[in-house]
Amino acid sequence: MSLDHAATKPHERLADALSIEMAAVNDLIRARMASEHAPRIPEVTAHLVEAGGKRLRPMLTLAAAKLCGYDGPFHVHLAATVEFIHTATLLHDDVVDESAQRRGRPTANLLWDNTSSVLVGDYLFARSFQLMTETGSLDVLRILSNAAATIAEGEVLQLTAASDLATSEDIYLQVVRGKTAALFSAAMEVGGVIAGKDEATVKALYDYGDALGVGFQIVDDLLDYAGTDATGKNIGDDFRERKLTLPVIKAVALADADERAFWVRTIEKGRQEEGDLETALGLLAKHETLETTRVEALAWMDTAKAALANLPDHEIKGMLLDLADYVVARVR
């Protein structure tokens, strides 16, 4: 999901406020993605890491630590850990999805090969665990290792659920919590843990990350059917790739026999014909599932903002609240 096209950009204000810490994170990432014996590892990693991207997930870790008044060195380690986990999952995802492009550039699996992408992703996972242990915190290790397992579990669940019309909204939410929200919530949570904050504060940070991640993915899925050129999304990619996302899951639940037959043919069996995308869009409009999905995304962002309500006032808190609004700005 791109955050480039809304009127205001709180992630850029967050990046400015965390610029010193992010510079340290970037230095640590470059140092730890090196390999004395396998030069392909830094080649492949650098191709993705240096390609841009908002570095939103590591910024969440730094933001949570700063919000909690942390002044030690290990928030940088944890932010780099989060980015390594994220990068590893992207390398693996591009192989699974047979992707040819990411962030406007050819994917690593296209430039090198699938084997290199998978093995370098494994290397980054290993590096992330090395960084975790250097903090000396078993809680940090528990949180981030659980997140890594949840991400993998969510991706595997998506393999079976993506084109199965029996997929419910609960299963969709489980997939989203795995592939997207798990790292958002863990990134926030470890920032509070490393700062030694109380259980209520750490849970508030977790809840913010969880709701932000879920809403983030729902908006992305909505814009696949309701976006414009300005949103940077190609309309109908999820339909063409036979991915069951929330607007379609809601439409399937309301479908009559003929409509269900259409979804079976196009999504389950993959027999798509010219004009099918327009038919799909018509069914989503008929059952108003784009609107109900939009309302759901807004509700998740309200949940994210409510999670921070009892935390002390801080410029970082304001930026995190603005970030939640910003994620849903394109669908208001």
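Reader: Is serine 163 buried, partly exposed or exposed?
Author: This is a predicted model. Serine 163 sits in the loop between H8 and H9. Buried would require under 20% relative accessible area and exposed over 50%. Because its relative accessibility is 22%, serine 163 counts as partly exposed.

Reader: Which residues does serine 163 touch, not counting residues up to four places away in sequence?
Author: Serine 163 and leucine 244 are 81 residues apart along the chain, yet 5.8 Å separates their C-alpha atoms. With residues up to four places away in sequence left out, serine 163 touches Arg242, Leu244, Ile267 and Glu268.

Reader: Where is arginine 242, and what is its phi?
Author: Arginine 242 lies in the loop between helix H11 (237-240) and helix H12 (246-253). With a relative accessible area of 28%, arginine 242 is partly exposed. Although arginine 242 is a residue other than glycine, its phi is positive, near 60°.

Reader: Is glutamate 288 buried or exposed?
Author: Glutamate 288 belongs to the loop between helix H14 (276-286) and helix H15 (289-307). It is not a glycine, but glutamate 288 has a positive phi of about 55°. The cut-off for exposed is over 50% relative accessible area. At 54% relative accessibility, glutamate 288 is therefore exposed.

Reader: How many residues of H4 are buried?
Author: Helix H4 covers residues 56-67 and reaches 16 Å from its first C-alpha to its last, close to the 16 Å expected. Its buried residues include Leu56, Pro58, Met59 and Leu67. Among the elements covering them are helix H1 (10-17), helix H2 (19-32) and helix H16 (315-327). H4 is largely enclosed by the rest of the structure, because the number of its residues that are buried is 11 of 12.

Reader: Which glycine just after H4 has a positive phi?
Author: The residue lies just after H4, and its phi is about 75°. It is glycine 69.

Reader: Are H4 and H9 roughly parallel or roughly antiparallel?
Author: H4 and H9 pack with their axes 7 Å apart, at an angle of about 30°. Angles under 35 degrees count as roughly parallel. H4 and H9 are therefore roughly parallel.

Reader: How many charged residues are in the contact of H4 with H9?
Author: H4 passes H9 in a right-handed crossing. On the H4 side the contact is made by Leu56, Arg57, Leu60, Thr61, Ala64 and Ala65, and on the H9 side by Leu183, Phe184, Ala187, Met188, Val190, Gly191 and Gly192. By class these are nine nonpolar, three polar and, as for charged residues, one.

Reader: How are H7 and H8 oriented to each other, roughly parallel or roughly antiparallel?
Author: Helix H7 (residues 114-133) and helix H8 (residues 138-161) have axes 9 Å apart and pack at an angle of about 160°. Angles over 145 degrees count as roughly antiparallel. H7 and H8 are therefore roughly antiparallel.

Reader: How many nonpolar residues are in the contact of H7 with H8?
Author: H7 passes H8 in a right-handed crossing. Phe125, Phe129, Met132 and Thr133 of H7 meet Val140, Leu141, Leu144, Ser145 and Ala148 of H8. The contact has no charged residues, two polar residues and, of nonpolar residues, seven.

Reader: How far apart are the end C-alpha atoms of H7?
Author: Among the buried residues of H7 are Val120, Tyr123, Leu124 and Phe125. The 20 residues of H7 should span 28 Å at 1.5 Å a residue. In agreement with that, its end C-alpha atoms are apart by 29 Å.

Terms used:
Residues numbered from 1 in each chain as written. Predicted model: local features only at pLDDT ≥ 70, side-chain atom pairs only at ≥ 80, totals over all residues. Heavy atoms only, no water. Helix = DSSP H or I, 4+ residues; strand = E, 2+ residues; numbered from the N terminus. Expected span 1.5 Å × (residues − 1). Buried < 20%, exposed > 50% of the residue type's maximum accessible area, 1.4 Å probe, protein only. Contact = heavy atoms within 4.5 Å. Axes fitted to C-alpha atoms, helices over the stretch in contact; angles between N-to-C directions. Parallel < 35°, antiparallel > 145°, perpendicular 65-115°, else oblique. Left-handed = near helix turned anticlockwise from the far one by under 90°. Nonpolar A, V, L, I, M, F, W, Y, C, P; charged D, E, K, R; others polar.
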